[in-house]
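Thank you all for coming; I would like to take a few minutes to walk through one model with you.

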Amino acid sequence: MTTNNPIPWRFIPLMVASGQLQMAIDAWLLQQHLKENHPPTLRFYRFDPVTISLGSLQRTYPSHWDTLQWQNQPIDLVYRPTGGRGVLHSGDLCYSIITSNIKGKRSEIYQYLCEFLIQGWRTFGLDLFYGKAGRGYIHNASCFGTATNADLVDSWGNKFIGSALRCSGKGILQQGSIQLATDPNLFKTVFSEIAPKPQFSGSLDDPTFLETAIATLTEAACQCFNIEFFSEPLSNDELKLIRDFNP
C-alpha cells in the first residue's frame, strides 16, 4: 500500500559561521545520513568572515588568493566537499541539501533538487533557467565566471545560483550559493572580472528579506519534494562532534 504522506526532513535555521565550520557541518551531516543516523536535511547559511570556497578537486587557483584581504581582514580559503570552481562568499545566501536515493544521471539529480529554487524565486518575480557550460569552464577559477547545467541564470543569462553536487553511495550532498548583493569591487579584486548582476541590491540591509526568502524557499521545497520540516538548530553536542570531525 502506497502513501502520499509527506516525508519528514530536518530544517536547520540560518547559521552565520566561518567557512571551515560550515563545510565541516555539511560533510558531517552527509556522513551521519549515510550511516542512517540523520534524516534528510535542508539548511541555509552565510559565511563570516568573507571566504572563498574551492571545489573539492580544484587544485589550482590565482596565487594572490593566499594573501587577499578585505576591509583589513584576511579572506579565508576553504575547500568544499562538493566540486566546481571558486565561489566568493560575501553578499550571498548559501543552501545545502543532504538526502539519498535519487535515481538518474547527475544532471537529472541537479534538476530535481534545484526545482524548489526555481519555484521559490519565481514568487519574487525572478524567472530562472538552467545554464549551459561554455568552452574553457574548467580553466576558469571563478564558479560565477560561467554557467553549467547545474546553475541557474536569469532571462538575460546572468548567473544567480551556482550549485555543486557530491554523490557518495546512496547519499547526496548539494551545496549552492545564491548571489544576492555581491560587492562589485570585492568581486573584481578576487576574480579580475565584472561581478554578476545584483538581483536584490540592498536586500541584506533589510532584516526581513532573508527571513521571507528562506520561508518562501522552504515552502517551495515542501511542495516539490513532498516533505514536511521539523526545525531544529544544531545542538552544542552536535557542534562539538562536528568540530572534532575529520572527513
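Predicted model: local features only at pLDDT ≥ 70, side-chain atom pairs only at ≥ 80, totals over all residues.

Let me start just after helix H1, where Glu36 takes a positive phi of about 65°; helices here are DSSP runs of H or I with at least four residues, strands are runs of E with at least two, and both are numbered from the N terminus. Residues are numbered from 1 along each chain as its sequence is written, and side-chain values use heavy atoms, with hydrogens and water left out.

Coming back to Glu36, this residue sits in the loop between H1 and E2, and its phi is a positive value in a residue other than glycine. Glu36 is exposed, with a relative accessible area of 61%, where exposed means over 50%, buried means under 20% and partly exposed is in between, computed with a 1.4 Å probe and protein chains only.

There is a second residue of this kind, Ser192, whose phi is near 55°, again a positive value in a residue other than glycine. Ser192 is found in the loop between H3 and H4, and with a relative accessible area of 58% it is exposed. The loop between helix H3 (184–191) and helix H4 (209–225) also holds Gly202, which counts as partly exposed at 41% relative accessibility. Gly202 and Gly176 are 26 residues apart in sequence, and their C-alpha atoms are 21 Å apart in space.

Let me now turn to H1 itself. Helix H1 covers residues 19–34, has 16 residues and reaches 23 Å from its first C-alpha to its last, close to the 22 Å expected at 1.5 Å a residue; that expected span is 1.5 Å times one less than the number of residues.

Asp26 counts as buried, at 0% relative accessibility.

Pro81 has its place in the loop between strand E6 (76–79) and strand E7 (87–89), and at 15% relative accessibility it counts as buried. Between Pro81 and Leu239 there are 158 residues in sequence and 18 Å in space, taken from C-alpha to C-alpha.

Met23 is also touched by Phe47, whose contacts, not counting residues up to four places away in sequence, include Ala17, Ser18, Gly19, Gln22, His89 and Cys94 as well. Phe47 lies in strand E2 and counts as buried at 7% relative accessibility. From Phe47 to Val16 the separation is 31 residues in sequence, yet 5.6 Å in space, C-alpha to C-alpha.

Finally, the chain as a whole. It has five helices and 13 strands. Its radius of gyration is 17 Å, close to the 18 Å that the globule rule gives for 247 residues, so the chain is as compact as a globular protein of that length; the radius is taken over C-alpha atoms, and the rule is 2.2 Å times the number of residues to the power 0.38. The C-alpha trace spans about 55 × 45 × 40 Å along its principal axes.

Of the 247 residues, 51% count as buried. Among contacts with a separation of 6 or more, 73% are between residues 24 or more positions apart.

Thank you, and I am happy to go back to any of these residues.

Technical notes. Contact = heavy atoms within 4.5 Å.
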